[in-house]
Every structure is written in structure tokens, then in C-alpha cells.
Amino acid sequence: PTPNICRMSDLSGASSSIAAVGIAGKGASALPAKNATVARKLQKVLDITVDDSFRESLEYLSSFYSENTAKDRKNLRGLLEQKVLKLHQSFLGEFDKVDQLYQAVQAAVDELSTQCDRATTLLQNTQSEATELLSKASALQAELAGVEQKEQQVRSFLQKYQLTPEEKQSLKGDINWAFFATLAKVQDIHKNCKELLNVSHQQAGIEIMEEMYMYQLQGFERLFKYTHKLCLDLMLSDSPEISQDFITALNALKDRPALWAQCMQEVAKGRRTALVRSFVEALQSGGAGSRPIEAHSADPLRFVGDVLAWAHQAAAEESELIHHLFHHKANSGATTVLVDNVEVSKWDVLNLCFEGLTKQVRTRLEKVLASTEPAQPSHLLVLFRLQGVLEFYAQAIPSLLGDLSNFVAMLLELQQDAKRRFSEMLRTLSEGLASAMPVAPADLTPPPHIMDLLDKLALMLKSMDIDEASSA
């Protein structure tokens, strides 16, 4: 339905009419008072500014204002107030929901604030506890560093001055590299205890020295029994097979000279027996692929040469063996061992080894020299050559057995004996020729026995020339 209120076009037409009336009234100058009042009201209406908001207000008013009656105009204010009231009530209803949401948010915020306060308090307490814990941790860490340093010092001390359970067990086990390593460590610890005696740890040094001394006694006792048994088992063989453990054991005993000397005596005793046995076998049975030496006993020069050649070979082998036993990679520079204030060298041991062989060779060579009797030119040549053979070996063997060897001294004595016998025989033969000089024949040829003697002397001179040429 079309509302009974003034439309905007009507207001525009009305304003034009009112303006015309106003102009006409001014021209007549005699309008009644009522018209003046109407004119003022119209003027007020004309003064109203019509904009979009005003038009929207009128459109809104047209939505519920249907009849333009006096009653409706009278109730318009109340109606508008009711509309406003409903609008306010609707607003309040919606705002109540917002308020409820706000209250919920407020409660959540309050709860969150409470939790934040609680978390702040907890964080502060935790920070205080953490600070205290960090302080304690720093103190404990510093204490731990001190304990670790002490532990390292204790570990280093124990490693330097104590034996591990495995090392203690190795002193009771088999004789092997672990045994020698432990025994060397025991000796080092015993020596290092002198450092403790020079500082404030004298009591500890004394106790450790006593403990290591007992370990040394135990270790050297087992080592001596092991080495002594090997000496008895190995040295009686013609060609003993020497193991590295045996050499190491024998050289380790040098720190106990008395024990070492007993073992070396067994070595010398065994080698002395083995050499005499081998010499007798060579004399009677010979060796591999060779005839017995005694098979040439009818030829003194061949016999003596074979005997001394065999002795020279034996001296080379025994010298190498004793040198191998005497020297070790750990103390290869040591050439002597002090036993009861007496220096014992490898030459002394070799001298003991050749003690029995010296007697055997002397006996047989003296028999050979004695067989050159009576005086005759053939024996004179044999003595001369025997002297040369003895001199040769007397010069060759000292490099193997030493200059002070009894075997070398025996060769020199036999050389001097052969030289003496040669000189005496030559003098005897010369005196015999001089005392029984025959009558010279007509052709002045010398007698056969003189020619024989001259031939022997010529051979001797030729041998001397060859020796001098070879020496030069």
C-alpha cells in the first residue's frame, strides 16, 4: 500500500508552491497571521537538508507507518520509541551474548594469567634450583677433574711401580716373551724405586723394592732351572739347535752373574764332552763321505794336517756358537761378564770347551813327533813340514779361540818342539856326515846319502820360498 505521507516529489512541488506564495505575499504585503505561521513552518520544512540519510530515514518510516491519520501521527513518537526500545532490547540481547563470550574469554584470560603466574613462579624456582644445580655441577665437575687427575696419577704410578695380574701370572707360567718382558719390568721397577727414596715416598719405595726383589728371586730361580736344563739337554749334541728363548734366557741371567756362570760352566762342560766324542769318532769312524783320520796314521804329515783341519773347523763352529750365546741384541756391546769381581769373556768359555780336545790333540801330535826318530833325512823333511803346518794353524786358530787359548798355546809348544827336533836332527845328521866323510871318488860326485840329504834341504828351501811368496 502507498503510505499517506509526503513523498520527496510532493515536497519538491510543495516547496515551489510555498515559494510562489511567499513571493506573492511579499508583493501584496497583507497576509493574515495564520498564513504567516504556515509560511514559517513551510520555511522550516524547506530548510531541511535532504540527503541520503534523510531519505533512508523516510524509507524506514514508510516500512511501518501505513496510515497518515491524526491518531497515527500522534502515536508516531511512541511507535518510534517502541522501535528504538526493541532495537535496544535486541542490541542488549546480542550484547549479552557478546558479554557472555567476553566473560568466557575473561575467565580464560584470567586462567591463562594464573597459569602464567604459576609458570613464572615455577620458572623462577626452577631457575633458582638450576642455578644451584649448575653450581653444584660445576663443583662436582671440578672435583671429578681432580679425581680423574688423581686416578691418572695412581694408574701411572701402578703401571710404573706395580705388576698387573697377568704379568704376575706370567712369572709363574711358561718361559716365553711375556715372561722375559715381565722380568725386565720387575728389574726396571726395582731400579726406579730409587726415585721414590729420594722424595717423600721412602716407605712406599722400600715396600715396592722388597716386593720386586721377591719377584726377581722367583723369576730368576725359574729362569735358572729352565736354562740349566736346556744346557744339559742341548750342549751334548754335536750340532745343538739353539732357540731364541734359550739365548734370551741365558743373557737375562747376566744380571745374576753367579747363576749365569753356572749355566756357562754347563755349556762348556757339555761342549767339551761333545768335542772329545766327535774327535774320537772322526779319528776312528770318520764323517759323512770321509775316511777315518787314523787311516792316514802312517803318513805323519797327512795325519797331523787332518787332525788340525778338523780342530780348525770345530773351533770355527764353537766360536760362532759361543759368540751367539754370549752376545744378544739387547746388550750386543757387552763382551765380558763380571763374576765374583772377575771378568769372564767368551774366550774363557771357549778355552773351557777346548780343554778336553787340547789334551787329546796334544797326545796324538806328540806321538807323531816322537815317531820321527831316529835321525834320517826323510824324518828331517817331515819335521820341517810339520813345523810349517803347526805354525800355520797356530796363526789361524787364535782369531777363533783367542790369543790366550790353551789350544793355541799347545800348538805353539808343539811347533817349538818340532823346531827343536828339526834343529837337533839336522845337527846330528851334519855331525854324522862330517865325522864319516868318505874318500872323494875320481869324478868328485857326492855319495848317495849326501845327495839324498841335499835333496831334502832343497825341498825345504823351496817350501820356504813358497811360504814367503804367499805371505808377501
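Q: Which residues of H13 meet Pro-300, Leu-301, Val-304, Gly-305, Leu-308, Ala-309 and His-312 of H10?
A: This is a predicted model. In it, the H10 side of the contact runs from Pro-300 to His-312. The partners in H13 are Val-382, Arg-385, Leu-386, Val-389, Leu-390, Tyr-393 and Ala-396.

Q: How many nonpolar residues does the contact of H10 with H13 have?
A: Sort the contact by class. Two residues are polar and one is charged. The nonpolar count is eleven.

Q: Are H10 and H13 roughly parallel or roughly antiparallel?
A: Helix H13 covers residues 377-396. Its axis lies 10 Å from that of H10, at an angle of about 5°. Angles under 35 degrees count as roughly parallel. H10 and H13 are therefore roughly parallel.

Q: How is H9 oriented relative to H10, roughly parallel or roughly antiparallel?
A: H9 spans residues 257-284 and H10 spans residues 300-326. Their axes are 12 Å apart and meet at an angle of about 155°. The cut-off is over 145 degrees, so H9 is roughly antiparallel to H10.

Q: Is the crossing of H9 and H10 left-handed or right-handed?
A: The H9 side of this pair includes Trp-260, Arg-271 and Leu-283. The H10 side includes Phe-303, Glu-318 and Phe-326. By class, the contact has 15 nonpolar, one polar and two charged residues. The crossing is right-handed.

Q: What distance does H4 reach from its first C-alpha to its last?
A: Helix H4 covers residues 70-161, with 92 residues. At 1.5 Å a residue, 136 Å is expected. The model comes close to that, at 129 Å.

Q: What is the orientation of H4 to H6?
A: H6 spans residues 177-197, and its axis is 8 Å from that of H4. The two pack at an angle of about 120°. That makes H4 to H6 oblique.

Q: How many charged residues are in the contact of H4 with H6?
A: From H4 come Phe-157, Gln-159, Lys-160 and Tyr-161. They meet H6 residues including Lys-185, Ile-189 and Glu-195. Five residues of the contact are nonpolar and two are polar. The charged ones number three.

Terms used
Residues are numbered from 1 along each chain as its sequence is written. This is a predicted model: local features need pLDDT of at least 70, side-chain atom pairs count only at pLDDT 80 or more; totals for chains, interfaces and linings use all residues. Side-chain values use heavy atoms; hydrogens and water are left out. Axes are lines fitted to C-alpha atoms, for helices over the stretch in contact, and angles run from 0 to 180 degrees between N-to-C directions. Helices (H or I, at least four residues) and strands (E, at least two) are DSSP runs, numbered from the N terminus. Angles under 35 degrees count as roughly parallel, over 145 as roughly antiparallel, 65 to 115 as roughly perpendicular and the rest as oblique. A crossing is left-handed if the near helix is turned anticlockwise from the far one by less than a right angle, and right-handed if clockwise. Contact means heavy atoms within 4.5 Å. Ala, Val, Leu, Ile, Met, Phe, Trp, Tyr, Cys and Pro count as nonpolar, Asp, Glu, Lys and Arg as charged, and the others, Gly among them, as polar. The expected span of a helix is 1.5 Å times one less than its number of residues.
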